[in-house]
Amino acid sequence: MNGVSWPSDSELDRIKNMVAEMAGVHVDVVKVVASPYRICPLGAHIDHQGGIVSAMTVNKGIILGFVPSADSRVLLRSGQFSGEVCFRVDQIQLPNHTAKPNGKIEENHPSNTIEECKWGSYAKGALYALQRGGHHLKQGITGFICGTEGLDSSGLSSSAAVGIAYLLALETANNLTISPTENIEYDRLIENEYLGLKNGILDQSAILLSSYGCLTCMDCKTKKHKLIHPPKFEMEKNAESKFHYKILLAFSGLKQALTTNPGYNRRVTECREAAEILLRAAGKEVEPILSNVKQEEFEAHKSKLEPDLARRAEHYFSENTRVIKGLEAWRCGNLEEFGKLISASGLSSIQNYECGCEPLIQLYKILLKAPGVYGARFSGAGFRGCCMAFVNSDYADEAASFVKTQYFELQPDLASHLNQDTAVMICDSGDCARVI
Ligand code: GLA
């Protein structure tokens, strides 16, 4: 197992040849951005409240091959979607969506071509973010983007991976040196301002900061991060078996972009309402997010919350505690304890945050029964996509086929739409986004 197993040489060759043909250039001048998918073992749904989250990338993701174009024109094609996206980097981009109070996100200028509007908006959003940051780009790109087959809209943050891929390509073509911290903020602008999703900074932090084998810890309030290395166990006999895991991704067959589901923004609003009531009761005038409420203030005033708001706040405070314990378990190499915390986090998402849909809850329960699984939970927001689990490497194949069979029995329709080779994937930890 090694951190640079993705993208493979053949994936790189294929995309470089595509771009060389599109742009009429030699294959050697084509650059490729590799932008991995992320998982969040602990710290679900608390990033938008300034909580502490943990994350990792996996060795799969989005690749974007590109060359600078002759002028300011951007021309893009996609492996997943039809049509071409074409615009100029010297045209000013304005926010494309507005978040409504009921959680729905409406497009400001509905486009005639649905495909074009959907997948082109991330590239335009990247330009919007760079312009908001004061960069006046002159150089366009010709590019081809594709993701790992079947993994788009799966709760692995393909949207942030795509946004970051466009940011890195536009920055490279325009000779801009931008730090990961600045790109975290630019991706936030794409999602929060351009696309109207009120999400936090978990996804892009994971994608931009992760390092192979480490757990990335991000404090979403202070924006400080650290990498937690697992112990080395050099002195131990049988060292390998001590920290020997794989990441299982089990797909539900349900796909939907978060921007088209009002549920996500609704929960963010509920957390803010809970924070507002608790802060008022504590006599504090600060931004209404739950990280501004102390645990003891929550305990003292939680009776003032309606039951559903109390459950959202309960999730926030219990999840923060699980993250802190989980970082310690990872540092000590205690995968059993780490796994138990992940499963408890999954349960709190179902019972307190109330965001899981039936197929994902079924997958979660199946994973908990699978051989060798340390712990499992939904990946991402929980409205669609996949569940992830940490599993003992020796049992990974057995666990994968157990999950596939059991899920097929419960959800034959959804399961039959999945590609049987990739319905449950066995992955390793990955690295951060980079230009190759
Ligand atoms: C989505 C959002 C993130 C985060 C997760 C849930 O991936 O984009 O900001 O809230 O859901 O943890």
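Of the 436 residues of the protein chain in this predicted model, 57% count as buried. The accessible surface of the protein chain comes to about 18400 Å², and carbon and sulfur atoms account for 50% of that surface. The secondary structure consists of 13 helices and 14 strands. When contacts between residues at least 6 apart in sequence are considered, 75% join residues at least 24 apart.

The interior may be considered next. In soluble globular proteins, nonpolar side chains tend to be buried together. In this chain, the largest nonpolar core contains 128 residues, of which Tyr166, Leu290, Trp330 and Phe390 touch the most other members. Helix α3 (158-173) supplies the largest share of this core, namely 11 residues. Because domain 1 (9-238) and domain 2 (245-271 + 309-427) both give residues to this core, it lies between them. A second, separate core has 14 residues, including Leu12, Val19, Ala34 and Val67.

Tyr245 belongs to strand β10 (residues 245-251) and Trp330 to helix α9 (residues 307-332), so that the pair links distant parts of the chain, 85 residues apart. Both residues fall under the 20% limit for burial, because the relative accessible area is 4% for Tyr245 and 0% for Trp330.

A further pair is formed by Phe338 and Phe390, with ring centres 5.5 Å apart; the planes are at 85 degrees, and the pair is therefore also edge-to-face. Phe338 lies in helix α10 (residues 335-351), whereas Phe390 lies in strand β12 (residues 386-392), so this pair ties together parts that are 52 residues apart in sequence. Phe338 is buried, with a relative accessible area of 0%, and Phe390 is likewise buried at 0%. Together, Tyr245, Trp330, Phe338 and Phe390 form one aromatic cluster. Two of these residues, Trp330 and Phe390, are also among those that touch the most other members of the largest core.

Most residues other than glycine have a negative phi, and most peptide bonds are trans. Against this background, the peptide bond from Trp6 to Pro7 is cis, with omega near -5 degrees. Pro7 is found in the segment before α1 (9-23).

Which loop contains Asn175? Asn175 is located in the loop between α3 and α4, and has a positive phi of about 55 degrees although it is not a glycine. Asn175 counts as exposed because its relative accessible area, 69%, is over 50%. Ser179 is found in the loop between α3 (158-173) and α4 (180-194) as well, but is partly exposed, at 28% relative accessible area. The C-alpha atoms of Ser179 and Leu208 are separated by 9.5 Å, while the two residues are 29 apart along the chain.

Lys223 also has a positive phi, near 65 degrees, in a residue other than glycine. Lys223 lies in the loop between β8 (215-219) and β9 (224-228) and is partly exposed, with a relative accessible area of 46%.

Definitions and conventions. Residues are numbered from 1 along each chain as its sequence is written. This is a predicted model: local features need pLDDT of at least 70, side-chain atom pairs count only at pLDDT 80 or more; totals for chains, interfaces and linings use all residues. Side-chain values use heavy atoms; hydrogens and water are left out. Helices (H or I, at least four residues) and strands (E, at least two) are DSSP runs, numbered from the N terminus. Buried means under 20% relative accessible area, exposed over 50%, partly exposed in between (1.4 Å probe, protein chains only). Contact means heavy atoms within 4.5 Å. Accessible areas come from the Shrake-Rupley method with a 1.4 Å probe; for residues, only the protein chains shown count as cover. A nonpolar core is a set of buried Ala, Val, Leu, Ile, Met, Phe, Trp, Tyr and Cys residues joined through side-chain atoms within 4.5 Å. Domain bounds come from an automatic or database domain assignment. Rings of Phe, Tyr and Trp (its six-membered ring) pair if their centres lie within 6.5 Å; planes under 30 degrees apart count as stacked, over 60 as edge-to-face and the rest as tilted.
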